[in-house]
Amino acid sequence: MKHRAEWRQIGIVAVYLGLLGSMYLIPACRNVFFLAAACYFSFLNTVVIHNHLHQGIFKSRGLNLVWRVVLSFGALYPASANIPSHNLVHHHFDDDGQPDWAAPENVTFEWNLANLVHFPNVAGPNTFAGVQRWIAVNGRKDFARQYLYENVFAFGLTGILLLLDFWSALFFIVIPQLYGARCILRINLIQHDGCDTTSDWNHSRNFVGRAFNWIMCNNGFHTIHHNRAGMHWSELDAAHAREVVPRIDPSLDEPSMIGYLARTYLVNLWRPSRHDVAAAEARAAAADLASREDRRAEAEAASA
Amino acid sequence: MLSKELMGVLALAILWVNTLLIAAAAAKEIAALLAWKRRLIAVEGDSGVGLVRARVTRGAGPGGALAVQRVEQLGRAATNDEGGRRVIHFADRSAVGEVFGGTATRDDGEIEIAVDAGASAEVWVPATALAASGSCASDEVFDRAFADAKKARGFARAVEGAATGEVYLFGQLRPMGKGLSLAAAKPGGLLVAKFDPRPWLDRKIALAVLFIVGDIALAAACSAVALWPPRFGLVSTLGGAACLGFFLTAQPAGTALRDAVRVPSRAWLRGKWIRSAPVQEPAAPPHAPRAT
């Protein structure tokens with residue numbers, strides 16, 4: 001293991017797979033508590049995918065690739081899809097001049113809750129079509145092979161479980177898997193809707209609760225993660241306080257994700273109007289930040 | 001304890017919420033197309049906002065074009081050859097329509113229409129015409145492009161579709177001297193189309209309506225089979241599998257519809273070039289005779 005903090009991520013995945021296995025095999029475990037926990041840990045499994053695809057948690061390349069395969073089963077999508085979709089396109093809000101595949105503008109309902117629920121129906125297919133186009137060019141044969149292994153394992157194992165006991169697998173394996181996969185897509189809407197993705201420090205919404213960030217492996221600190229993608233997740237909270245807080249509009253530092261979701265999608269029916277959040281960084285001192293082109297080139301080199 | 005019945009209701013609720021959201025998104029596409037259709041009514045007299053059929057007599061653009069649709073693309077070398085032949089895949093970077101200005105004669109008479117030049121406008125060129133204008137001229141052209149396409153920055157190019165000959169014009173028509181003038185309508189802007197946009201809109205609206213009907217009908221059929229008595233028996237289980245399959249495929253079908261009904265000025269061009277023949281690698285030098 002490269003970092004002691006990775007045990008938290010291993011623990012999350014172990015708990016998640018344990019919950020799935022318990023519900024599939026032991027009828028007494030098929031209750032609301034286990035199902036809700038499995039859905040939540042499925043989302044955390046995708047958070048681990050996100051972190052692992054930025055920085056493999058093991059020193060061994062082989063182990064990192066095997067870990068991707070395990071994580072892919074948990075999310076029912078190939079973990080390696082994160083490299084083009086998240087590391088290369090989303091981080092820079094740009095696909096060679098076209099919008100991010102998971103841009104908030106992909107949904108346009110006036111009723112904002114419908115946008116939240118529908119978002120994965122658009123961002124998911126955009127992502128997988130985009131990954132296929134990315135694989136098709138520039139000699140990405142190694143990536144394509146790994147992507148295939150992850151697909152075969154995720155869908156193969158899920159298929160076997162469905163064949164053995166269809167309804168138990170559908171209700172207690174597939175529903176949690178899809179819940180996590182769809183929630184990680186929704187996070188793109190939650191973290192960027194109403195932000196200014198052309199700005200350097202006000203492109204993302206942060207959720208800064210301590211307990212939330214402990215279990216989420218600091219994924220609430222999204223601005224600094226975008227700007228310093230190579231930084232280990234365990235260092236994001238300190239870097240957020242140091243670099244982001246002086247430059248961000250206070251409305252983009254949310255104390256609670258639950259509070260934000262309730263306010264934005266339940267209490268207020270319509271999509272909030274935008275305001276110039278980027279004005280905050282114009283008033284702050286300039287930061288030492290490489291251009292998006294340079295950061296993208298760095299991410300491209302890392303992915304190779 | 002979560003019973004199968006309770007979980008079945010939950011699963012069907014998830015299926016139906018998503019089915020209806022995908023249908024609602026398609027309905028929004030229909031609404032946008034209908035807004036175009038409402039605007040594109042023929043102008044009968046000498047003034048008004050609407051559509052006129054005309055023939056370009058003089059265009060201020062290259063080759064006498066009245067307007068052009070320009071798609072900036074980036075070509076990248078394919079990972080895999082096709083039958084040993086090299087391939088370049090193109091991705092669209094941006095698309096913009098430009099009206100250069102000029103004159104056209106209205107098809108119902110000899111009246112000349114002066115068309116204002118505008119920095120940006122809707123220019124609708126058939127996808128096939130745009131694709132044809134972006135096709136590869138020769139293997140020499142391909143090889144030069146491939147050298148760039150292999151590099152990180154890729155092979156940049158612009159594909160243009162020109163509006164010449166017979167066109168359909170939408171905008172604000174006004175009498176001007178002995179003829180007419182056409183300017184951007186407020187609201188509605190300016191449209192120059194190389195084909196009659198009304199039947200095109202009808203076809204796209206019909207496609208989207210068909211999609212909505214199919215989306216809901218398939219969800220209903222899968223649900224009905226999943227609920228077939230005895231519940232959770234063999235037929236019902238096959239219905240459950242069909243529901244899962246439908247849930248997973250309805251989403252890409254929804255985005256495929258969105259792409260299929262994009263107005264021509266925003267439709268994806270993409271495409272690829274395939275070299276006509278494999279590249280002949282230079283023959284390896286003969287082995288030197290082994291020293292004995």
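Two strands count as paired if DSSP finds at least two bridges between them, and the strands (E, at least two residues) and helices (H or I, at least four) are DSSP runs numbered from the N terminus. By that rule, four strands of chain B make an open antiparallel sheet in the order 7-2-3-11. This is a predicted model: local features need pLDDT of at least 70, side-chain atom pairs count only at pLDDT 80 or more, and totals for chains, interfaces and linings use all residues. Residues are numbered from 1 along each chain as its sequence is written, with chains lettered from A in the order in which they are written.

**The sheet in chain B**
- Strand 7 (155–163) and strand 11 (272–274) of chain B sit at the edges, each pairing on one side only.
- Neighbouring strands are turned by 30° on average, direction ignored; the axes are lines fitted to C-alpha atoms, for helices over the stretch in contact, with angles from 0 to 180 degrees between N-to-C directions.
- Strand 3 (residues 87–99) of chain B meets strand 11 of chain B through three antiparallel bridges, and I88(B) stands opposite W273(B) there.
- Helix 3 (residues 139–149) of chain B packs on the sheet, touching strands 2 (67–77), 3, 7 and 11 of chain B, at about 65° to strand 2; contact is C-beta atoms, placed from the backbone, within 7 Å.

**The nonpolar cores**
- A core joins buried Ala, Val, Leu, Ile, Met, Phe, Trp, Tyr and Cys residues through C-beta atoms within 7 Å, buried being 20 or more other C-beta atoms within 10 Å of a residue's own.
- In the largest core, of 94 residues, M23(A), A38(A) and I88(B) touch the most other members.
- Helix 7 (residues 166–192) of chain A gives the most to this core, 13 residues.
- Another core, of 33 residues, lies apart from it and includes A54(B) and L130(B).

How values were computed
Contact = placed C-beta atoms within 7 Å. Buried ≥ 20, exposed ≤ 12 C-beta atoms within 10 Å, placed from the backbone.
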